[in-house]
Amino acid sequence: MTTDARHWADGIHALFRAYRITLVSVVPDAGHKRLIDLCQADAGIRTVTLTTEEEGVALAAGAYLGGTRSALLIQSSGVGNCVNMFSLPSICHMPFFALVTMRGEWGEFNPWQVPMGESTTAVLEASGLTVFRTDTAEEVGPTVEGALGLAWQSRRRVAVLLSQRLIGAKRFGEGRASE
Amino acid sequence: MTGPIDRRDAVRRLLTDRGDLIVVAGLGASAYDVAACGGSPLDFPLWGAMGGAAMVGLGLAIAQPGRTVVVVTGDGEMLMGLGSLATIAVERPPNLRIVVLDNGCFGETGNQPTHTASGTDLAQVAQACGIADTRTITEIGAVDRLRADLHGAHWPLFAVIKISDEEQPKVLPPRDGPYLAHRIRSSLLGTAAALED
């Protein structure tokens, strides 16, 4: 099997190993399920579940101070929760890496996801992060590798958006509309 | 609720003969209290990131399992990050201690009352989150016992010290972020701090 034949999440997990990411913090999203499962099954990665996304920004800062590389896995709706906490890695010139699964775009069923989905890129960029976006499985590996390199080799704050088209729109097929 | 303990005295006692304790200080008066103890390369005082002090402490505790990490912060700062107490309870870092200096008010902004002034009990919150060793300290002798346990415990510890709301002279720690980050990293990691991440 070539690396291209793997699921894109397996490729990200392999890159975490290659870039010595040993701490992953998570507010779960269905789009991250496979990667979360891989990280939790990996004895070399400690996976921390957060109550809210900004906890992960502060956790990453503390881990960096102690010499540990980490990654934050969140959904686009959680980006807004992080805004003030982003000031910590920003003002201290710390590396920071986040993977953001997108809601509120391609094929979205739930309109309440749309406002934060539409502003995710702008909010991240306004907070000083460099943003990369991936729309296809083939792009994921090279994009994540480039983003990890920028974050850890050049100490930048970086987010990779995993688009809703890539992860698949959440299905609400069992629901019954009341109107 | 306001207590009888002088905050400077309490923090001075806690950090007496601190050895290689790592100290994360929450923004505002807590950071000034830690700075008033003389300052150490192993201090990481925050000037912002309100609500994040306990999680910065957890990150350091995970990255440095051979060291003890003490988070010294205020009731207002802790209230903004209550969820982190649940996260810390789940992670059970044996080398993390959180000390909340509780004066029941937002001291930096004009002494407006915090929720603890109306009865929110942070030690009970931490206990209910699953942190087994929690204490509320109302007399200075218990601060000395807490100081011993900062070094001696092998489990996460959460303490609330009821301090007076009397304002103390400001003793300002450095506020240059890259300097503070490099200072503690080079203390912990040596020259690798500059070469590695």
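I started at G190(B), which takes a positive phi of about 70 degrees just after α8(B). I am working with a predicted model, where local features need pLDDT of at least 70, side-chain atom pairs count only at pLDDT 80 or more, and totals for chains, interfaces and linings use all residues. Residues are numbered from 1 along each chain as its sequence is written, while chains are lettered from A and ligands numbered from 1 in the order in which they are written.

Helix α8 of chain B. I took helices (H or I, at least four residues) and strands (E, at least two) as DSSP runs, numbered from the N terminus. α8(B) covers residues 177-189, which is 13 residues. Its expected span (1.5 Å times one less than the number of residues) is 18 Å, and its end C-alpha atoms are 18 Å apart, so the two agree. I then asked which residues of α8(B) are buried. I found L180(B), A181(B), R183(B), I184(B), R185(B) and L188(B). Buried means 20 or more other C-beta atoms within 10 Å of a residue's own, with C-beta atoms placed from the backbone. What covers them includes α3 (53-65) of chain A, along with β2 (43-45) and α9 (192-195) of chain B.

Where the chains meet. I looked up contacts (C-beta atoms, placed from the backbone, within 7 Å). 28 residues of chain B are in contact with 31 residues of chain A. On the chain B side, α3 (53-63), α5 (82-91) and α8 give two or more residues each. That side has 16 nonpolar, nine polar and three charged residues. Ala, Val, Leu, Ile, Met, Phe, Trp, Tyr, Cys and Pro count as nonpolar, Asp, Glu, Lys and Arg as charged, and the others, Gly among them, as polar.

A helix pair in chain A. The axes of α1(A) (8-18) and α6(A) (137-154) come within 9 Å and cross at roughly 20 degrees. I read axes as lines fitted to C-alpha atoms, for helices over the stretch in contact, with angles from 0 to 180 degrees between N-to-C directions. The pair is therefore roughly parallel (angles under 35 degrees). W8(A), G11(A), I12(A) and L15(A) of α1(A) meet residues of α6(A), including V140(A) and L148(A).

A helix pair in chain B. The axes of α1(B) (7-14) and α7(B) (140-152) come within 8 Å and cross at roughly 30 degrees. That makes α1(B) roughly parallel to α7(B). I noted six nonpolar, no polar and four charged residues in their contact.

Notes: Buried ≥ 20, exposed ≤ 12 C-beta atoms within 10 Å, placed from the backbone. Contact = placed C-beta atoms within 7 Å. Parallel < 35°, antiparallel > 145°, perpendicular 65-115°, else oblique.
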